[in-house]
Each structure stands twice: as structure tokens, then as C-alpha cells.
Amino acid sequence: MKLLILGATGPTGRHVVDLALRSGDSVTTLVRDPSALGDLTEKVTPFTGDATSHRDIVAAAAGQDAIVSALGRGSSVRADGLFTQASAAVIGAAKEAGISRLVWLSSFGVGETFDRSSAAQKTIFRTLLRSIYADKRIADDRIRSSGLDWTVVYPTRLTHGPAKGTYSADDRLPMKGNPTISRADVAAFMHQAAHGSEWLHRSPVISD
Ligand SMILES: NC(=O)c1ccc[n+]([C@@H]2O[C@H](COP(=O)([O-])OP(=O)(O)OC[C@H]3O[C@@H](n4cnc5c(N)ncnc54)[C@H](OP(=O)(O)O)[C@@H]3O)[C@@H](O)[C@H]2O)c1
């Protein structure tokens, strides 16, 4: 499969790239600083650009089968419009490039998943993550009404632990406390989702 992976220099995106390469996919990346790809530069088709730019995504998306986004704001608590702008650019570019499949990484607690979160989670979502979650909510809703073959993924708190493959994934999961899931497991789920039809037009929650 030919995959355009956004956020490839971030920890979750890097796992998606590694998995995709290991499984024989052909990987294209769109990154702001190509030097951040390190040893991946030789193994992927690297485009330099910004994920909020329609023009940059169109250039990288030509000929791809699917787009997988692991975009994020790193340690910043300010969204700065990343998700709203990138979602608009990605949807427009996907349509222009004739790509229907989009797997998009959101966060548990965004949108209607907030109502299903635990008291401990709600405290963090309402305060520290408020700006990011408000921006993600608009982006996620836009993706769901885009007409694309989307999957929007809602992981709980991310860790740098190894992939265990024992996580739960469903349209709804019971929540208690502040559960976690490793970025490696999230990447495996997203990669698998891009390859299959099980999660088409669904917004799965994933957690250990
Ligand atoms: N932390 C948690 O507990 C948690 C829980 C649930 C969900 N999430 C979500 O999971 C996602 C991934 O998080 P992460 O920690 O693995 O990654 P991250 O550190 O947030 O990495 C983000 C990636 O997005 C890229 N990026 C940001 N703005 C860009 C732009 N304008 N154009 C192109 N690329 C851009 C970054 O590129 P550069 O290298 O150029 O900066 C980097 O590759 C995020 O959306 C986050 O909100 C996090």
C-alpha cells in the first residue's frame, strides 16, 4: 500500500512509519524539517512542507492509497489552529488527489468522548488540554462530514512503552481513572486500520 504519513517525525508517527516499512508499504512523508527524519530519509519518499498547506499536501499525496495523520503539538498546550487548519488542508488535498482513505489521530476526551471520560480525565481535559481539544473537536467533526473514508482514533494518555498488542479498541470503552496506551500500540492500530475496512466511518477509542 502507498501511504502518506503526516507527523512522521513525532513519536507516534515514527512508529507508524517503521511498521509500514516493515510490512512492505511504500511510505511518503511530509515534514517541516527533513533533517528530523534521520535514518528514515533513505527509506521513505520525503517531501518538505507544512501539513496546514493544501498545496504542500497535494504535492505529497499524488499517487497515494491512503493518508495517515499522527500530527500533534508536541509538548505545547496551545493548538494554534493546527488541527483545524491541517484537517481542512488534508480533506481538500485528498479529494484533489483522488484519495479516499484517511486515518486521523485525535485524543480521547475530544468531542462526545468527553462525556464518557472519568472524573480524573475530565479535570485534565478541561484545563491543560482545553485549547488542543477545542481545535481537535472542530477538525474531527469536519473529517466525519468530509465524505472521505475516514477513521478518527481516540487513544487515552500516551506512553513511550513497547507495543503489547493487548489493548482494547471499540466505539465505546468503560473509563476509570486515567488509563494509558503506548504510542507503539496506537501506531499498530492505525496502520492496521488503514489496511482494512473494519474501522471505516468509525471513531474507535483505544486503551490498555
Ligand atoms: N500525549 C498524550 O497523552 C496524548 C493522548 C492522546 C492523544 N494524543 C495525540 O496524539 C498525537 C501524537 O502525539 P505524539 O506525542 O506522538 O506526537 P507529537 O510530539 O505531538 O508530534 C507531532 C508531529 O506533528 C508534526 N507537526 C506539527 N505541526 C506540523 C505542521 N504544521 N506541519 C507538518 N508537521 C507538523 C511534528 O513535526 P515537527 O517535527 O516538525 O514538529 C511531529 O512530527 C497528537 O495529536 C496528540 O494530541 C496525545
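Two elements, α1 (residues 11-22) and β7 (157-159), each supply at least two residues of the shell around the ligand. Helices here are DSSP runs of H or I with at least four residues, and strands are runs of E with at least two, both numbered from the N terminus. The structure is a predicted model, in which local features need pLDDT of at least 70 and side-chain atom pairs count only at pLDDT 80 or more, while totals for chains, interfaces and linings use all residues. Residues are numbered from 1 along each chain as its sequence is written.

The ligand is surrounded by 27 residues, and the closest are G10, T12, A51, G72 and S107. The most residues in the shell come from α1, which gives three. Sorted by class, the shell holds 12 nonpolar, nine polar and six charged residues. In this sorting Ala, Val, Leu, Ile, Met, Phe, Trp, Tyr, Cys and Pro count as nonpolar, Asp, Glu, Lys and Arg as charged, and the others, Gly among them, as polar.

Now to α1 itself. At 1.5 Å a residue, its 12 residues should span 16 Å, and the end C-alpha atoms are 17 Å apart, which agrees. The expected span is 1.5 Å times one less than the number of residues. Buried residues of α1 are T12, G13, R14, H15, V16, V17 and A20. A residue counts as buried if 20 or more other C-beta atoms lie within 10 Å of its own, as exposed if 12 or fewer do, and as partly exposed in between, with C-beta atoms placed from the backbone. These buried residues of α1 pack against β1, β2, β4, β5 (101-105), β7 and α6 (183-195). Just after α1, G24 takes a positive phi of about 90°.

Which residues of helix α2 (residues 54-61) are buried? They are I57, A60 and A61. They cover an arc of only 95° around the axis, which puts them on the same side of α2; the arc is that of the directions from the helix axis to the C-beta atoms. An α-helix has 3.6 residues a turn, so residues three or four places apart point the same way. The partners of the buried residues of α2 are β1 (2-6), β2 (26-31), β3 (45-48), β4 (66-69) and α3 (82-97). Just after α2, G63 has a positive phi of about 80°.

The largest nonpolar core has 58 residues, and I5, I67, V68, V153 and M190 have the most contacts inside it. Its biggest contributor is α3, with eight residues. Such a core is a set of buried Ala, Val, Leu, Ile, Met, Phe, Trp, Tyr and Cys residues joined through C-beta atoms within 7 Å. Leaving out residues up to four places away in sequence, I67 touches L4, L6, A61, V90, A94, I99 and L102. L6 lies in strand β1 and is buried, with 26 other C-beta atoms within 10 Å. The C-alpha atoms of L6 and S69 are 4.6 Å apart, although 63 residues separate the two along the chain.

Two loop residues remain. D80, in the loop between β4 and α3, has a positive phi near 50°. With 13 C-beta neighbours inside 10 Å, D80 is partly exposed. H201, in the loop between α6 and β10 (205-207), has a positive phi near 55°. H201 is exposed, with 11 other C-beta atoms within 10 Å.

Definitions and conventions. A residue is near a molecule or strand if its C-beta atom, placed from the backbone, lies within 6 Å of it. Two residues are in contact if their C-beta atoms, placed from the backbone, lie within 7 Å.
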